[in-house]
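Trainee: Could you take me closely through one part of this model, the rings and what lies around them? I am new to it, so please give each cut-off as you go.

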Amino acid sequence: MNRKVVLKHHRMYYDDTHTMGYILFNGKINYILEDTKRSNKIAGETRINAGLYEIKQKKILTPLTKSYRKRYNWFEWHLELQNVKNFNNIYDHIGNFAKDTRGCRLHGLYPSNPRIERVNMVKNSTAAFKDYYKYVNELLESGIRVFTKIIDEVK
């Protein structure tokens, strides 16, 4: 039996600095901050294309993996989106601001409100990522394939 779970990531808004969306998982919602959409890719400053991507554990002991393991006793391996055309090392991870994305997806419990706050960010990133990470990691460890479907709600 080849079971799989598809987590839907909806992109709601973007401007010239960032993209804001949300992902639903295990009855919860995390807000997702990514880089902005660009017609010409700029490394570390461009979001990936919408589509379906498998998520796997990247079982390589990188300096970033070592740093996360040192800081978070629940962390084992990074969660990497697979086969992203023209991109490498696309992870889900902790961070609050668009400058922290480096092409990846940042998780938060709350988005900033651009009408009130002058920064584009997600808040409570560590708590949000921990819930998401534990859920996805448990699925992967039990042999279930996990995918994320990124959907552009706005063009």
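**Rings, pockets and strands**

Mentor: Start with one aromatic cluster, formed by Tyr-68, Tyr-72, Trp-74, Phe-75, Phe-129 and Tyr-133. The model is predicted, so local features need pLDDT of at least 70 and side-chain atom pairs count only at pLDDT 80 or more, while totals for chains, interfaces and linings use all residues. Residues are numbered from 1 along each chain as its sequence is written, and side-chain values use heavy atoms, with hydrogens and water left out.

The structure holds 10 aromatic pairs. One of them joins Trp-74 and Phe-75, edge-to-face, with 6.4 Å centre to centre and 75° between the planes. Rings of Phe, Tyr and Trp (its six-membered ring) pair if their centres lie within 6.5 Å; planes under 30 degrees apart are stacked, over 60 edge-to-face, and the rest tilted. Trp-74 counts as buried because its relative accessibility is 15%. Phe-75 is buried too, at 7% relative accessible area. Here buried means under 20% relative accessible area, exposed over 50%, and partly exposed in between (1.4 Å probe, protein chains only).

Lys-4 lies over the face of Phe-147, 5.2 Å from the ring centre. Arg-47 has its charged end over the ring of Tyr-14, 4.9 Å from its centre. A charge sits over a ring if NZ of Lys or CZ of Arg is within 6 Å of the ring centre and within 35 degrees of the ring normal.

Arg-47 leads on to open space. The largest pocket holds about 210 Å³. It is lined by 15 residues, and the closest to its centre are Arg-38, Thr-46, Arg-47, Ile-48 and Asn-49. By class, that lining has three nonpolar, five polar and seven charged residues. Which residues lie closest to the centre of the second largest pocket? They are Asn-88, Asn-89, Ile-90, Arg-102 and Gly-103, out of 13 lining residues. The volume of the second largest pocket is about 170 Å³. Its lining splits into six nonpolar, five polar and two charged residues.

Now the terms. On a 1 Å grid over the protein atoms alone, a pocket is an open set of points with protein on both sides within 12 Å along at least five of seven lines; a cavity is a set where a 1.4 Å probe fits but cannot get out; lining residues have an atom within 4 Å of a point. Points are joined across faces, edges and corners, and a volume is the space filled by probe spheres set on them. Ala, Val, Leu, Ile, Met, Phe, Trp, Tyr, Cys and Pro are nonpolar, Asp, Glu, Lys and Arg charged, and the others, Gly among them, polar.

Asn-88 sits in the loop between β5 and β6. Asn-88 is exposed, at 67% relative accessibility. Its C-alpha atom is 9.8 Å from that of Cys-104, 16 residues apart along the chain. Asn-89 is in the loop between β5 and β6 as well. At 36% relative accessibility, Asn-89 is partly exposed. Its phi is positive, about 55°, although it is not a glycine. Most residues other than glycine have a negative phi.

Next, the strands around that loop. Strands (E, at least two residues) and helices (H or I, at least four) are DSSP runs, numbered from the N terminus. Strand β5 spans residues 78–81 and is covered on both faces: His-78 and Glu-80 are buried on one side, Leu-79 and Leu-81 on the other. In a regular strand the side chains alternate between the two faces of the sheet. β5 pairs antiparallel with strand β6 (residues 90–93) over three bridges. Glu-80 has Tyr-91 as its bridge partner in β6. Strand β4 (residues 51–58) joins β5 by four bridges, also antiparallel. There Gln-57 partners Leu-79. Two strands pair if DSSP finds at least two bridges between them.

Another positive phi sits in a hairpin. β2 and β3 form it with two residues between them, and Asn-26 in the turn has a phi of about 50°. Asn-26 is exposed, at 51% relative accessible area. Seven bridges join β2 to β3, antiparallel. Thr-19 partners Glu-34 in β3. β3 also pairs antiparallel with strand β7 (residues 105–108) over three bridges. Leu-33 has Leu-106 as its partner in β7.
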